[in-house]
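Dear colleague,

I am passing on the structure we spoke about, followed by some notes on what turned up in it.

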Amino acid sequence: MSDEAHNPFRPIDAMLPHTQLEAETREFWREREIFRRSIEERPADAVFSFYEGPPTANGAPGVHHVLSRVFKDLFPRYQTMRGRRVPRKGGWDTHGLPVELEVERELGLSSKAEIEDYGIERFNQQCRESVMRYVEQWEDMTDRVAFWIDMSDAYRTYTPEYIESCWWIFKTLWDQDLIYEARRTTPHCPRCETSLSSHEVAQGYAEDTPDPSIWIRFRAHNDTLPSALRHTGPTDLLAWTTTPWTLPANSGLAVAADESYAAVQLPDGSRLLLAERLVERALGDIEGVRVAARVDGAKLEGVTYEGLYEPEQWGNSAWRFEGARLVECEDDELPARRVVTADFVSMEEGSGIVHIAPAFGEDDYLLGRDAGLLFRQPVDLRGLMTGDPSAGPSFVGKWVKDADADVIADLDSRGQLLRQQTIRHTYPFCWRCDTPLLYYAKPSWYIATSRLRDSLLDSNEHLIQWHPEHIRRGRYGDWLSNNVDWAISRERYWGTPLPFWRCESCGRTDCVGSFDELRRRAVGDPPDLSDPHRPVVDDVLIRCEACGGEARRIPEVADAWFDSGAMPYAQWHYPFENQELFAERFPADFICEAVDQTRGWFYSLHAEAVLLHNAEAVPEPTSFRHVLSLGHILDEQGEKMSKSRGNVVDPWSVLDAHGADALRWYCYVASPAGNPRRFSERLVGEAQRRFLHTLWNTYAFFVTYANIDGWRPGDRAVGAPLDLDRWILSELHALIERVTAALEAYDATDAARALERFVDALSNWYVRRSRRRFWSSARGGAAADRSAKAAAYETLYTVLTTLARLLAPMTPYLAEEIWRNLVAEQDADAAESVHLADWPTAEAAQIDERLNTEMALVQRVASLGRAARSNAGIKVRQPLAAVSVAVPTAADAAAVERHAETIADELNVKEVKLAEAGSDARRYTIKPNLRVLGPRLGPQLPALRGALSSLAPELAAHIVQVVETGQTVEIEGISLGSDDLLIESEAGGGADTASAEDESCSVSLDTRISEPLAHEGLAREVIHRVQSLRRDSGLHPADRIQLVLATDDAELGAALRAFESLVAAETLATRVAHDGAAHPHQAAASIEGAPLTLSLARA
RNA sequence: GGGCCAUUAGCUCAGCAGGUUAGAGCGCAGUCCUGAUAAGACUGAGGUCCCUGGUUCGAGUCCAGGAUGGCCCA
């Protein structure tokens, strides 16, 4: 045995010690600064730019965060090895409502009034601290999963520099006239006095919420009705609503233009107008209803009617639209309420006439704006009906939901109410305080992205590569083509302050584009902008350039998505600093996040680039070229992971149990990156066992035997490669090609699955088939053996060191371990780390397609042969005389002959024979080759198929013989050659054979066991027992032994004598005795029923 | 209500220029092999390829409609 000091390679454990290995590897990377060097040692003029989508560190990272980080890591590592310089600047998203809500919760605040009482300055200070609270956990996780990114130089969206870059963007867009203020309908919590994001709204839906359902009469002005509807009495327009409190804000009624409307006569003499299709549903329970006239909805447009309430009379204003602006009306200019057409009018419920209150619904607002209806908002942001209680109805001053009852009672008393019911439906509530939300139109600031819709679509189409591709035109493109202007203002505190100042004298609004500009224009002393957040910035007044008055900043802050979309510029404080860095890194070659960022970060990045490019402020209308959109992680049941469901998987438990490489490998191999994936720790463990463990075993095998033999990489000169060696190298280079192509296409799964197939073949075919070559040294061996052994070492070494590089981007720890032990610690000139090494190149000359095909056939034959043995119940240890193989082509037959030795060895048979084509010992099945004949024959095919399936066996054999000579046969009047037919054969099933076959290949074993074969079988059984005893006795594989085998059984004794040299050679016995003193390590065995005592000692 | 994705064995997933008997891994049962051994090989059981129509000589694969789940948006 070799002295450890002389081992060429560092000995390793047979089990993959992932925890220790990963910790040591991280330490090595840290000490030797491998990450920094992996960037700096690549040429500065070959930058591959990566942008980090900033996470928010106000919560602990989950396994879904691990998913995106391992994909973010994979491609930069790959590109580095391909020779690119890949700087990776980290970043943190720090602003926004989620941060504020967390702080509100901690401080026990629940309204804006309470926040302002607490103090905006203190509140924002809390936000600043809260947002980085989990940063250490994030950094630990990042380090542990080996996501290489520079955290020490991470950008943070709350820094003054970052905010100033955002101001520059606002100013640039402002100068292009792309920013405006307008009202928009938003879900609003009247208790918290804030808009809620759709995400928040989605959390708060309650089913089965009871609400009033009332049917109201609006008295039409007779002279405005179409002539078909005019008659002597009054006509009422029938509308339906579940929000009586919005009725005072009514300013129109909407109908469907292409529906028929009916005027119906009620028994009491009154007339109601409603959609004809809904008459039965709405009035079916009233006896004597009669349709008096019909008219198309379009004809109703312009009909005017009496209002139910005139809120102007108790102190509310009415407004009219001027484009998107609202202008307050003087009382005497109010136009009458009127009927308009709209495409959202439902024929599923209600009356087909919809009450329109533009202040309280998205549809209503847009319709009011486009049709020029009045805008009334007699409700304040606290949800109270506004106005002078002494001048108005009883509901004035009441909370809207309480006002409902007053409105209903009032309308009933005035005869305006047809009926009232209660319905149950799904309604949104504030997820924090359970207050019903109101849809409320209020002013917001917008970026006019819709004006650049064509540019957005164009750069999406031509400049961005989506992975998966379908998102380009699907989820993203489809949404983009319906792009609406971006609402960027939030009535909140912790965010980038919007740099818009409005003159308190003349109302002119101006945008400030830098801190310098603000200091210059400030009234009084230049302000300290070391923290430009609210409230500091709120206190800065500037001089109005139009009238010389004082302008005050509007109170809103920016949508946090705006911050994230600004990162290509703001991370460098561009354009105030780092112009060259910006130019070098813009746009990113690669970004990666989960699919929910499609309309989040992916959009904000894209939109800001297009907007800035439109202003000629950046060189391209995109800030990224390749975007990898990851599917979400679901739990084992396919449910989304969320805290409230309690099914969140903690990444640490997975990392501790299986290691980072296993988790990474699972992420890559389990399913395509874009698909949602069901996650379970069990599957990570499976990935580890199936792949990492197999590779580790192969690596451990190599190190063990190389150390025994003292083989070093420098010994390469000798050794003529066998077919087996050439084959695995051929497969290796085909693998390089495949993996390279897959990673170029951002397809990690294809790369990983190819690697998995290769490692399986390496372990279970190449190494298994090569084992004897590695052992041969232990027996001294001839020159030919030494050559074959050297070739095996050289080949396996090449394969493992190449695999280390192919795997480096995916399993960086394991790849590093293999590389360092096999390469870096051997050769001072080699790359110190695999992550500093170059990506391997596929050499076409090494790829031998024919050999690959042949070996696949040999493996199939071996597999079939084992199946045949299994069918016959004959174990592989029992040698057999012959196997007969039938294959379809001459090339296949030649392959079987060429590799007969391998097949014989695999199947433990003495001889491999080829079955004769057409021999009557075989049965043939002939089928039409559908792929060829389908297009040619079409409808004739079924008849031919029937004829072929019912051929007599002799005729089938005859046809086979004919077509094999290249001639054609005629069946059902159709001339058929060998290409038109698929021929399958199976063994005739002789008494002494066992066979197995697949579609084209048949293997038949001679099952007759002669006495010598039986004896050899017994001898092999004994060898097996001796080997077990060697191992149980703790002997090293290379130890020589002395052996005593004693038996009373004549048959077994004869077998042992006949095969004594085989037994000795296989067990490394220098001496085999059949009696005499027993050695220290002993065992008793029963060999096919014959008793055997065996004992051995180290020689 | 709209868009996108998915639906194939008990579980996780392949397959799809339309082609004959739909595969792999895990799990289960059995057998074998073992000088990589907490591995490995073979066999078996296990499928209305979500449903309904259509195109076609032929559909898991293409088309239409629907169902269920996931995501995004109203």
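At the start of helix H34, a side-chain oxygen of Asp 1049 comes within 3.1 Å of the backbone nitrogen of Glu 1051; helices here are DSSP runs of H or I with at least four residues, and strands are runs of E with at least two, both numbered from the N terminus. Please keep in mind that this is a predicted model, in which local features need pLDDT of at least 70 and side-chain atom pairs count only at pLDDT 80 or more, while totals for chains, interfaces and linings use all residues. Residues are numbered from 1 along each chain as its sequence is written, chains are lettered from A and ligands numbered from 1 in the order in which they are written, and side-chain values use heavy atoms, without hydrogens and water.

Within H34 (residues 1050-1058), Leu 1052, Gly 1053, Ala 1055 and Leu 1056 are buried, that is, under 20% relative accessible area, with exposed meaning over 50% (1.4 Å probe, protein chains only). Seen down the axis of H34, the buried residues fall within an arc of 160 degrees, taken from the directions from the helix axis to the C-beta atoms, so they line one face of the helix. The face turned away from that buried side carries the exposed residues Ala 1050, Arg 1057 and Ala 1058.

As for RNA strand B, 55 residues surround it, the closest being Arg 475, Ser 763, Trp 775, Arg 877 and Leu 982, where near means a heavy atom within 4 Å. Helix H22 (residues 681-709) gives the most to this surface, with 7 residues.

With kind regards

Key. Polar contact = N/O pair within 3.5 Å; in protein donor to acceptor, adjacent residues only side chain to side chain.
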